Amino acid sequence: MGRYIFRRLLNLIPVLFGITLLVFLFLHLIPGDPAIVMLGDRATPDQVEALRERMGLNEPLPLQYLAFLGNLVRFDLGSSIFTGVPIIREILIRWPATFELSVAAMLIALVLGIPAGVLAAVRKNSWLDNLTMSGSLIGVSMPVYWLGLLLVYLFAVNLQWLPPSGRISVDAGLSFEPITGFYLFDTLIQGDFAAFQDVLAHLALPALTLSTIPLAILARITRSAMLEVLSQDYIRTARAKGLLELRVIFKHALKNAMLPVITIVGLEFGTLLGGAILTETIFSWPGIGKWIYEGILSRDYPVVQGGVIFVATAFVLINLLVDLSYALLDPRIQYK
Amino acid sequence: MTTTTPASTQPWQRFLKQRSVQRFLQSTSGLIGLGLTLLIVLMAALAPVLRPYDPATDRNYAARLQSPGAEYLFGTDGLGRDILSQVWYGLQTSLLIGLVAVAIGMVLGVALGLLAGYFRGRLETVVGWLTDVMLAFPSILLAIAIVTVTGPSVVSVMFAVGLVQLPKFIRLTRSMVLSLREQEFVQTVRAFGATPPRIILRHIFPASLAPIVVQATLAIGTATLEAAGLGFLGLGAQPPTPELGTMLSDAFKGGYSLSSPWTILFPGLFITLTVLAFNLLGDGLRDALDPKGGR
């Protein structure tokens, strides 16, 4: 197992190298001189030249890339052109917001999607099955930001049950310390239940919106994995032994149907980080996604560069964790 | 002796009797998908005939944000533009983007997959690495990165969304080639001295077509959705070209999406219907052409 982990980590190197190379090349392919973008149109040629020199833009491209890599391993991603704040600090401030949102969305997807898939499989071809499968198909066919806007219209504007945007009410006089940046956790450990409720209410609509696609996919995958398992001989044996049907389904079948489900959870979690760009924009959620979007609009290239590298790296690492978790779930898998 | 051809040899009847066609006709989702797709394509194609419209001059400030009614069936937007006309023409743009993007991704991806799978070696390593790297980016993020370089326009979106589809086609085609190249019929034509281009194009490619067609149909749905997402972020079609994602963006940025919900309801509904149509059609085609390839 230790050697397997080592080999997987080794395989990570070419992919991470590719990510950095791709992002680096992208930003150097963008038309226009970054120095002019930073200084504005009214800068004199001398000023532009001085900045180009300082930023190393006059060096040959391979040398620039090496310098970029050298900075990267020291977690130096440069600074935002407009605010001057180091990129790594911006990421550290924002990633808990994105992570909290993604985890909440995945929890909703798991809690609703797996039971829906199990029910659909057990009651195959019933109206319940048809409803679940139609719903899941519509779920993956919808633009999620559109659903988000409709949810805001219904729950925030019309019914006024939930707040339309942000992470917390600004004017409510809530005074908890954002220690970890995960607001649900921060409010709980400080025993501030009013703030906790407020944070939860703000989380509800964006998390529900973001959960649509993983929910739909999880329901589908769980159903087909369950159908596969339920047709196996050992399930017939378990039933023949006279075990309770519930016990057969949950203890014998579901446990074995979980492997493909875990794969999808990993893959979809990465997609959530990307999908957060649109969802965070709708809900003014102060996370990585909205930050990258604003970076694109204001042509703040270091922000886009740092944000994209962060998300892609997180995506790759999550998938690695998923692969490794197979070993715990399925002892039959041998790692050599 | 009769001279009439027996009915069963009429071309269309022979077509209907094929096993795969029979299977497609039995697939409810496939039939609904086919009907819906035809309807949408027909709507987009007939737009200029049924509803003459010039997006550049369509503007009536006196009728801003009218709710749906007899005069404006879908209401009007913040510039007093008729939403029905906009949706109708936007459908044309969105459909065109989806089709062209998938064509780009499919042609490049299948070509790379065929070459990598057949010749293997260093080419396969490089193509495999490229696929891994591209898959390390959430697709919308990669598309955004590409459009940031090329600048927002309909053509950029086609290109960006097409490239994002690339890895799926490479992987699918490569895996098909890997199993096909060891099969007897390929070994036989190779023994008879067929050249690699001939083996790939005449023997391997036709045999791997079915799953590629299924993947392409499903990819049109995904591509349409991603293109609309780029449009929503303001990176898609530029005014006055109507596009469904851009319509949502206009309403959201204009701040009237919540006070006049019809400005977002109809564009989003038609995006959903288009994507749904291709997803259903793809499911039906999979049942028909690739019954073992189910999810």
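# Exercises on aromatic pairs and a chain interface

The structure holds 13 aromatic pairs over all chains. The model is predicted.

**Exercise 1.** Classify the ring pair of F24(A) and Y65(A), and state where its two residues lie.

Solution. 
- Step 1. The ring centres of F24(A) and Y65(A) are 5.1 Å apart, and a pair requires centres within 6.5 Å.
- Step 2. Their planes stand at 55 degrees, so the pair is tilted.
- Step 3. F24(A) belongs to helix 1 of chain A, while Y65(A) belongs to helix 4 (residues 61-73) of chain A.

**Exercise 2.** Decide for F24(A) and for Y65(A) whether the residue is buried or exposed.

Solution. 
- Step 1. The cut-off for buried is under 20% relative accessible area.
- Step 2. F24(A) has 4% relative accessibility, so this residue counts as buried.
- Step 3. Y65(A) has a relative accessible area of 9%, so this residue is buried too.

**Exercise 3.** Classify the pair of F155(A) and W161(A), then state whether W161(A) is buried or exposed.

Solution. 
- Step 1. The distance from centre to centre is 5.8 Å, and the planes of F155(A) and W161(A) make an angle of 40 degrees.
- Step 2. This aromatic pair is tilted.
- Step 3. W161(A) has a relative accessible area of 61%, so W161(A) is exposed.

**Exercise 4.** Find which residues form one aromatic cluster with F24(A) and Y65(A).

Solution. 
- Step 1. From chain A, F17(A) and F68(A) are in the cluster along with F24(A) and Y65(A).
- Step 2. From chain B, W129(B) is in the cluster.

**Exercise 5.** Describe the contact between chain A and chain B in terms of residues, area and polar links.

Solution. 
- Step 1. On the chain A side 44 residues are in contact with 39 residues of chain B.
- Step 2. About 3,700 Å² is buried between the two chains, and carbon and sulfur atoms give 81% of this area.
- Step 3. The rule finds 1 salt bridge across the interface. R220(A) and D283(B) meet through their side chains in a salt bridge, at 3.2 Å from N to O.
- Step 4. Between chain A and chain B, 7 residue pairs are in polar contact, both residues being at pLDDT 80 or more.

**Exercise 6.** Which helix of chain A gives the most residues to the side that touches chain B, and what classes of residue make up that side?

Solution. 
- Step 1. Elements that give two or more residues include helix 1 (2-29), helix 9 (193-230) and helix 11 (245-282) of chain A.
- Step 2. Helix 1 of chain A gives the most, with 10 residues.
- Step 3. By class, the side of chain A that touches chain B has 36 nonpolar, 7 polar and 1 charged residues.

Notes:
Residues are numbered from 1 along each chain as its sequence is written. Chains are lettered from A and ligands numbered from 1 in the order in which they are written. This is a predicted model: local features need pLDDT of at least 70, side-chain atom pairs count only at pLDDT 80 or more; totals for chains, interfaces and linings use all residues. Side-chain values use heavy atoms; hydrogens and water are left out. Contact means heavy atoms within 4.5 Å. Buried area is the accessible area (1.4 Å probe) that two parts lose on being put together, summed over both. A salt bridge is a side-chain nitrogen of Lys or Arg within 4 Å of a carboxyl oxygen of Asp or Glu. A polar contact is a pair of N or O atoms within 3.5 Å; within protein, one must be able to donate a hydrogen and the other to accept it, and residues adjacent in sequence count only if both atoms are side-chain atoms. Helices (H or I, at least four residues) and strands (E, at least two) are DSSP runs, numbered from the N terminus. Ala, Val, Leu, Ile, Met, Phe, Trp, Tyr, Cys and Pro count as nonpolar, Asp, Glu, Lys and Arg as charged, and the others, Gly among them, as polar. Rings of Phe, Tyr and Trp (its six-membered ring) pair if their centres lie within 6.5 Å; planes under 30 degrees apart count as stacked, over 60 as edge-to-face and the rest as tilted. Buried means under 20% relative accessible area, exposed over 50%, partly exposed in between (1.4 Å probe, protein chains only).
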